[in-house]
Amino acid sequence: MKPYILAPSIIASDFVNIAKELAICETAGADWIHVDVMDGHFVPTITIGPLFVEALKRNTKLPLDVHLMIENPEAHVKSFAEAGATNITVHVEACRDVRKVIRQIKSLGCGAGITLKPSTSIKEIEPFLSMVDLVLVMSVPPGFSGQKFMPKMVERVKYLRKKLDAIHSKAHLEVDGGINLKTLPLMKSAGANAFVTGNAAFKHTKGANFGIREFKNLLVKTKITA
């Protein structure tokens, strides 16, 4: 099993004070910074682009875990790699040729990730599991923050953990969507090792520093029960 990773989603932070927010992530024990990129086409929301990723890179030493929720990702992965992305994850639904995009990402020196919408059959990503460095399970439909966690995605994580273990994959199994202090232990027990959290950490009533530390402490202490 890979080490456990906490990846606060920077989209939930205060963009006006981004350098401060990144510093909080570092001191509070975050392992990665998760970066949600949305284009207003593949998903309804528009967020950020390569220039913002470049700004993040200048202000943190943490790895940048970039999730592309965009159409035609093969036309843009180079820009995000050059901007400083550590991992680049693409949706199977958005790729014309999934294998080609995975190879493209790796050729740019980034970890290659694959993901899919909760409504998409898990069979759609199985042919590519042996090729990737990261598999992301969305536990909410992509496109909006603050959505309610989908419990049935726990079974998807269990299924993928078995598949990855069966092929002796070293890929991270990441979860994103509705991850809070109650759902993180469920996903960890199911076999995930990387956890994205946004509002639950950054908008904590006691502040982001406390929120991220609380998640990190829970991740370290939670025992696997399944």
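In strand E8, the residue that bridges to leucine 6 is phenylalanine 195, and this pairing opens a briefing on a predicted model. Residues are numbered from 1 along each chain as its sequence is written, and side-chain values use heavy atoms, with hydrogens and water left out. Because the model is predicted, local features need pLDDT of at least 70 and side-chain atom pairs count only at pLDDT 80 or more, while totals for chains, interfaces and linings use all residues.

**Strands E1 and E8**

- Strand E1 (residues 5–8) and strand E8 (residues 194–197) pair in the parallel sense over four bridges, where pairing requires that DSSP finds at least two bridges between two strands.

**Helices H1 and H2**

- Helix H1 (residues 18–28) packs against helix H2 (residues 50–59) at an angle of about 55°, with the axes 10 Å apart; the axes are lines fitted to C-alpha atoms over the stretch in contact, and angles run from 0 to 180 degrees between N-to-C directions.
- H1 and H2 are therefore oblique to each other, the class left over when angles under 35 degrees count as roughly parallel, over 145 as roughly antiparallel and 65 to 115 as roughly perpendicular.
- Ile18, Ala19, Leu22 and Glu26 of H1 meet Phe52, Leu56 and Asn59 of H2, contact being heavy atoms within 4.5 Å.

**Isoleucine 24**

- Isoleucine 24 is found in helix H1, and it counts as buried because its relative accessibility is 16%.
- Leaving aside residues up to four places away in sequence, isoleucine 24 touches Ala208, Asn209 and Ile212.
- Isoleucine 24 and glycine 207 are 183 residues apart in sequence, and their C-alpha atoms are 9.9 Å apart in space.

**Helices H5 and H6**

- Helix H5 (residues 153–166) and helix H6 (residues 183–190) pack at an angle of about 25°, with their axes 8 Å apart, and the two are therefore roughly parallel to each other.
- Their contact is made by Met153, Val154, Val157, Lys158 and Arg161 of H5 together with Leu186, Met187 and Ala190 of H6.

Key: Buried means under 20% relative accessible area, exposed over 50%, partly exposed in between (1.4 Å probe, protein chains only).
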